[in-house]
Amino acid sequence: MIPKVYKEVIDLGDGRTISLETGKLAKQAHGSVVVQMGKAMLLCTVVSNYEAANVDFLPLTVDYREKFAAAGRYPGGFFKREARPSTEEILTMRLVDRVLRPLFPKDYHAETQVMIQLMSHDEAVMPDALAGLAASAAIQLSDIPFETPISEVRVARINGEFVINPSREVLEQADIDMMVGASADSVMMVEGEMDECSEEEMADAIKFAHEAIKVQCAAQIKLAEAFGKMETREYEPEAEDEVLAQKVHDAAYQKCYDIAKAGSSKKERGLAFSEVKDEVKALFSEEELEEVGGLVSKYFGKTQKAAVRDLTLNEGLRLDGRKTTDIRPIWCEVDYLPSTHGSSIFTRGETQALATVTLGTSREANVIDLPTHQGEETFYLHYNFPPFSTGEARPLRGTSRREVGHGNLAQRALKGMIPDDCPYTVRVVAEVLESNGSSSMATVCSGTMALMDAGVQLKKPVSGIAMGLISDGERYAVLSDILGDEDHLGDMDFKVTGTADGITACQMDIKIKGLSYEILVNALKQARDGRLHILEKLTDTIATPEAHVKAHSPKIITTRIPGDYIGALIGPGGKNIQELQKETETTIVINEDPVTEEGIVEILGTNQEGINTVISRIDALTFKPEKGNVYEVKVVKMLEFGAVVEYTEAPGNEVLLHISELAWERTNDVKDVVNMGDVLDVKYFGVDPKTRKEKVSRKALLPRPPRPDHKKKEAPKKES
């Protein structure tokens, strides 16, 4: 039986379209959809259990995978099968998860799984921009409770014009590249990188993206209606007790308000709030707590949140005693670790990041091998968030999605400031040692200083700040440099990085509906003031990049050789280059320029003398004397029929100086004219057509003796 297929088409307005199709594939999933743009096709399915899990949160999993078969390629590596997700796939999962999660009911705790798979790839389409649309459309076709359709688009500014979902090739020309997630009436997520754009330009890009998202949300509703939108499933909501909630509020609110107003440290606040919670629980018997203990904890959390938020809205004060625009105390240090190529410590309040820099050759570049993209990164940043940074003990289970996402944000913040002519592959590693407030922004700050300490000639230093928002619908307060608690209790987490001249990257998650662009721009401008304050602290510590890399850091020289000489430099089985590396204690990397077919030779070493030796050997290998020029040579071997001489400017490059070219007079013994070690000048005549060998001459530079007069003298005349 041929299935009935339902389809809706979205016109992007420039000849490109996106289609949503359901009814053909994966019909046992609770919702499934195929999203197609060009030849790119994503299959998205969603399944949610009908029974709630025994947890107090939504166990939502968003999984995004790119199949190598979609691009007609094999997976790399020994096992020819897709394995753990790549960094890029994890970043896409996070983008989708951050928009979906807030729209499920707060009391919906059934395990839910959204799976998005790239089944067909198109070089002109970047599929990550379609993943959010696919996820939301699949949910709309199911009976899973969900507040409203959402979508995500990539917005880029190219030659001054905004474009929705550009190709990767076109994106390379953009000075703004952002992913925006929103419903029809509210922007909920923004993440991207910019080339030092202004706050107003960023807001304009978000507005442009939101208009496109509104069209995509309407298309999902049309598709669901045509398909026959199912009634939302019934589920067991959490129990509520308004009388109990009021009792907890009355007992705890003022005490929580007073603790918040005291402006204490994280540890002190935590202990004080715990004591109040214990006092509230003491109001109930053991039997009552067994029955309603969970609700008591829940209502206490709500009361604590209300007290903290009210303090800020009423008095403009925050948990640690700061005003809304205050930045916590900052101290910085560079060159802390003696053996690294660059290092720095950045400490802001109770958040601390230690960054290191390692310099290497192109061999250390981060290779990207995906179905949708292949390439290399010569600058990359890794972020580590160990449990001790928050005073916790928990299992280590490899790099988390959070670590991948935060590291990517910091990398995007800094990469535009790495000079185009930087000869090194640069790796930055940030170790978060303390965390109470944005550690990713601390990573940006410590990364900037570590790069400058390492001698990487940054175009401009970069700083970052995390902003928050508290609003009751009528009043609002924008918070600079938020604490961890303010992130949890607030309505927005907005991270902004940039130089003194503009924004380089951002990441925003909004928890309230209908955030006005006025508030958004105000938050961005307040963030700029905070960034500049932090930037001043960084430049007070290290004003400009070090002029040179450290003595123990590798120096790198890049040179080019004709493609014909690559094999000679490498030698049979790599013999020549291996011996040269061992002799000079250097690392030599040779890449071929696909355009000019020249060899690009990178010489890396800590000993300048060794680097100089490699350069002289390469110069000697590629030395080509020019016909008619005079060169200084040294005698390195004596023969009966001449002397073997070496060009002094190209050691190892030898040529025969024939005995007949030593002097104008007849030379019976080479030793009569030159000896071992003699340095002299010769003239180069090119290849002799008779002998087919290179010819040089000493005598050509000597004055030619006069020719002898061979005419016979006339006999004297006899007298008659």
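Visitor: At 41% relative accessibility, does lysine 525 count as buried, partly exposed or exposed?
Guide: The model is predicted. Buried would require under 20% relative accessible area and exposed over 50%. Lysine 525 has 41%, so the residue counts as partly exposed.

Visitor: Which residue meets lysine 525 in a salt bridge, at 3.5 Å from N to O?
Guide: A salt bridge needs a side-chain nitrogen within 4 Å of a carboxyl oxygen. At 3.5 Å from N to O, lysine 525 meets that limit with glutamate 200.

Visitor: How many residues apart in sequence are the parts tied together by lysine 525 and glutamate 200?
Guide: Lysine 525 belongs to helix α11 (residues 517-541), while glutamate 200 belongs to helix α4 (residues 199-227). The pair therefore ties together parts whose separation in sequence is 325 residues.

Visitor: Is glutamate 193 buried or exposed?
Guide: Glutamate 193 pairs with lysine 415, with 3.4 Å between the closest N and O atoms. This pair links distant parts of the chain, as lysine 415 is in helix α8 and glutamate 193 in strand β10. Lysine 415 is partly exposed at 38%. Glutamate 193 has a relative accessible area of 19%, so it is buried.

Visitor: Which helix holds lysine 261?
Guide: Lysine 261 forms a salt bridge with glutamate 315, at 3.1 Å from N to O. The pair ties together parts 54 residues apart in sequence, because glutamate 315 lies in helix α7 and lysine 261 in helix α5.

Methods. Residues are numbered from 1 along each chain as its sequence is written. This is a predicted model: local features need pLDDT of at least 70, side-chain atom pairs count only at pLDDT 80 or more; totals for chains, interfaces and linings use all residues. Side-chain values use heavy atoms; hydrogens and water are left out. Helices (H or I, at least four residues) and strands (E, at least two) are DSSP runs, numbered from the N terminus. Buried means under 20% relative accessible area, exposed over 50%, partly exposed in between (1.4 Å probe, protein chains only).
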